[in-house]
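User: I would like to learn how to read a strand and its neighbours in a model like this one. Please take me through it.

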Amino acid sequence: MLDIRQLEVLAEIARTGSYTAAAASLGYTQPAVSYQMRRLQQAVGAPLVTRVGRGLQLTETGQALVRHADTIFSVLRAADQDVASLVARGGGLVRMVAFQSGCVSLLPEVVARLAALHPDVHITITQAEPVEARHLIRTGEADLGLLCNWENEDLPEGESVMTRVPLMTDRRCVVMRGDHPLAGRASIDLAELADHDWVMESYRDRFTAACTNLGFTPRISATVDDTRTIQALVAAGLGISLMSELALLSHADPTLVHRPLRDWPVRRTYALLWPDMAGVPAAATVLREIRRSARRTQAALLDDTEGAAKSDTKSDTEGEPEE
């Protein structure tokens, strides 16, 4: 029979890469970690780690056991949450992690509805980029995540054993002043913007790579991770930017316009959690409210798109001579 404490040690060694670092993280002594690993390897009957240089690397058996350990840990967390919810008569705490525009555009409605309709269900929210959010969910530091990725990307590593709940999609848009020469376009090609200055977020690898593929290096005039500050700097004339429709829905400077970036993949927003967590009443309640908020937001984006299209059509036909 496998020992849960020994599995925790193995998982921490896999994460940190050494017995010493795992011991420090778990609050154990290094000899204690070595002892637990010897016992676990004896129980399995095969080596679980091998030394590579100054660090450790899991064997194929060790990797398989860590995958099972992650599932075991998720079941235990779900059981703990489920019991807590039953004790609280349907209530409970759900720890959420979400990317920035999800925090701004989707979660405020969720928080308000929980307070009004489910006062026994409480949530905490941590803002994090998808890579970090995925790690927090996998390790049990968060119960439910709001993540995003591009439609042409493969399934991120580590998500195959978890539950993904598709929520909505949105587009990447060029944000510019209303007097910009391209403001009247229905959509814009990135190649048309090669000679522009840019106000961009820190996480811009895909944007930089796309510019490189088109043969130019973007001139970054500011690096800002706050959506309102980005728009304020664009309005002041420092440059143009790229923003998601979701971020623009929550706040859009009336002096600016945004146009979809042509031939850019659609961004998918989804909820991520361990399968067993979906059966915990409090988590299921929060997930249900998130899905409701996403449906409303997707409809609002559609209305905004149709409104912009009508406005563009009107602009194109104004001043045309009557036949």
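Analyst: What follows goes from the whole chain to one strand. This is a predicted model, in which local features need pLDDT of at least 70 and side-chain atom pairs count only at pLDDT 80 or more, while totals for chains, interfaces and linings use all residues. Residues are numbered from 1 along each chain as its sequence is written, and side-chain values use heavy atoms, with hydrogens and water left out.

User: How many helices and strands are in the chain?

Analyst: Helices (H or I, at least four residues) and strands (E, at least two) are DSSP runs, numbered from the N terminus. The chain has 11 helices and 12 strands.

User: Which way do the residues of β5 point?

Analyst: In a regular strand the side chains alternate between the two faces of the sheet. In β5, L144, L146, C148 and W150 point one way, and G145, L147 and N149 the other. Both sets are buried, so β5 (residues 144-150) is mostly covered, with 7 of its 7 residues buried by the cut-off above.

User: Which strands pair with β5?

Analyst: Two strands pair if DSSP finds at least two bridges between them. Strand β3 (residues 92-98) runs parallel to β5, joined by 3 bridges; V97 has G145 as its bridge partner. Strand β12 (residues 267-273) is antiparallel to β5 over 6 bridges, and there A271 stands opposite L146.

Key: Buried means under 20% relative accessible area, exposed over 50%, partly exposed in between (1.4 Å probe, protein chains only).
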